[in-house]
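Colleague: I would like to learn how to read the features of a model such as this one, step by step. Could you take me through them, with the general idea before each case?

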Amino acid sequence: MEMSSDKMNSVKETFIRIDDENSRTSKTEINILCFDITNYSQLTQFLCCSIFVFIFYLAYGYFLELIFAKPEVKPVSLYITLVQFMITMLLSYGESWIRNPIKRKVPLKTYAVLAALTLGTMSFSNLALSYLNYPTQLIFKSCKLIPVMIGSIIIMRKRYSFLDYVAAIVMCVGLTMFTLADSSTSPNFDLIGVLVISLALLCDAIIGNVQEKAMKQYQASNNEVVFYSYAIACVYLVCITGFSGILVDGFAYCAETPVEMYRNIFLLSLSGYMGLQAVLTLVRICGATVAVTVTTMRKALSIIISFLLFSKPFVFQYVWSGSLVVLAIYINHYSKKHPHYVPASLSSCWQQIRNYYDSEYRYLKMKTKMYTDTV
């Protein structure tokens, strides 16, 4: 028994109408921390995320410098990092308990690598504050592009655009000038700090690629990656601090002013965790370029606040060298939208060089052939 064409068309129209209604009513849920902001306009969502980023990361920078800038913290910095990791792990678990339970999708061996890289970037960054000013540490952390490009060229044989190389050169110049300014004005400057923060930068450059690959390959959530990375890193830190004696020394140091120390570490961990969640939500709403713009402005404001709240000498060289780093960040992100951009004058000059090279090559090849035929 065949169904009439009119009836078939009406059934198709019904299905299409139902699908359209479902696509209109179903929206991707957008949360910032535990607040649902799905039904707000995109501008309101952007403003909420930006305010959260500024508030929590400015607080994070303040507590980071307040805790780790003291010279006596240097021997026990790993213990404080251990407490910070434990609090971050508990915050991640608490959020999953409120929203969705954590179900592990990524293999434990991948998390073992992620935990080691997380431990490296956080512990080296914290330790660097015992040797460098916070603005210098922050400038170094903004220059992740340099080790990423070097590693990709050597390991992956990757080719970059003209603007990427310009950004790397400008970033190197700005970073060098900022470091020279810090070395000439800061009494606490130490070249060991440059080495330590460079190691943190190297770990930070690698961890992004490993995290991205794991999350795409296994469809893992941000909360899962954060929880397991910090949980396994805590195991590493307990072993390291236990065998080295830092665990006992750090506990004794914090026991001198327990309320103040553990309160500051808790606020450091809380502000860092909330700031990270706000950035991830901002990336989902507006994309990576907008998120980088907001975080770059936040870093600039963090440097200004650091000079205002913590007594440190200031020279104008900080301003223009920091501006070079900011310019390099924007050039790098501009190159992602225009990967084949080359200035017309430079392209014309390069074409003339290639034409000259080709003509000379053809001439030499012809002369070589004539000489060979004669002989």
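Modeller: Let us start with contacts, where contact means heavy atoms within 4.5 Å. Among the contacts in the protein with a separation of 6 or more, 84% are between residues 24 or more positions apart. This is a predicted model, in which local features need pLDDT of at least 70 and side-chain atom pairs count only at pLDDT 80 or more, while totals for chains, interfaces and linings use all residues. Residues are numbered from 1 along each chain as its sequence is written, and side-chain values use heavy atoms, with hydrogens and water left out.

Colleague: How many helices and strands does the protein have, and what share of its residues count as buried?

Modeller: Helices (H or I, at least four residues) and strands (E, at least two) are DSSP runs, numbered from the N terminus. The protein has 14 helices and two strands. Buried means under 20% relative accessible area, exposed over 50% and partly exposed in between, with a 1.4 Å probe and protein chains only; by that rule 41% of the 375 residues are buried.

Colleague: Where does UniProt place the feature "transmembrane region"?

Modeller: UniProt positions are given in the numbering used here, feature names are shortened, and annotations may be inferred rather than shown by experiment. The unreviewed UniProt entry places this feature at several spans, among them residues 46-64 and 227-253. In the model, residues 46-64 are 100% helix and 0% strand, with end C-alpha atoms 26 Å apart, and residues 227-253 are 96% helix and 0% strand, with end C-alpha atoms 28 Å apart.

Colleague: Which residues of helix H10 are buried, and which are exposed on the other side?

Modeller: An α-helix has 3.6 residues a turn, so residues three or four places apart point the same way. In helix H10 (residues 246-256), the buried residues are Ile246, Gly250, Tyr253 and Cys254. They lie on the same side of H10 because they cover an arc of only 95° around the axis, the arc being that of the directions from the helix axis to the C-beta atoms. Val248, Phe251 and Glu256 are exposed on the other side of H10, whereas the buried residues of H10 pack against helix H3 (77-98), helix H9 (222-244) and helix H11 (258-286).

Colleague: What is tyrosine 228 in contact with, beyond its neighbours within four places in sequence?

Modeller: Tyrosine 228, which lies in helix H9, counts as buried because its relative accessibility is 18%. Beyond those neighbours, tyrosine 228 is in contact with Ile102, Arg104 and Tyr111.

Colleague: Is methionine 122 buried or exposed?

Modeller: Methionine 122, in helix H4 (residues 108-128), counts as buried because its relative accessible area is 14%. Leaving aside neighbours within four places in sequence, methionine 122 is in contact with Tyr60, Gln84, Phe85 and Tyr230.

Colleague: Where is glutamine 317, and how does its accessibility class read?

Modeller: Glutamine 317 belongs to helix H13 (residues 317-337) and is partly exposed, because its relative accessibility is 24%.

Colleague: How many cavities of 30 Å³ or more does the structure hold, and what lines the largest cavity?

Modeller: On a 1 Å grid over the protein atoms alone, a cavity is a set of points where a 1.4 Å probe fits but cannot get out, and lining residues have an atom within 4 Å of a point. Grid points are joined across faces, edges and corners, and a volume is the space filled by probe spheres set on the points. The structure holds one cavity of 30 Å³ or more, and the volume of the largest cavity is about 60 Å³. Ten residues line it, and the closest to its centre are Leu58, Gly61, Tyr62, Ser302 and Ile305. Helix H2 (42-68) and helix H12 (288-309) are the elements that give two or more residues to this lining.

Notes:
1 Å grid on protein atoms, 1.4 Å probe; cavity = no way out; pocket = protein on both sides within 12 Å on 5 of 7 lines; lining within 4 Å.
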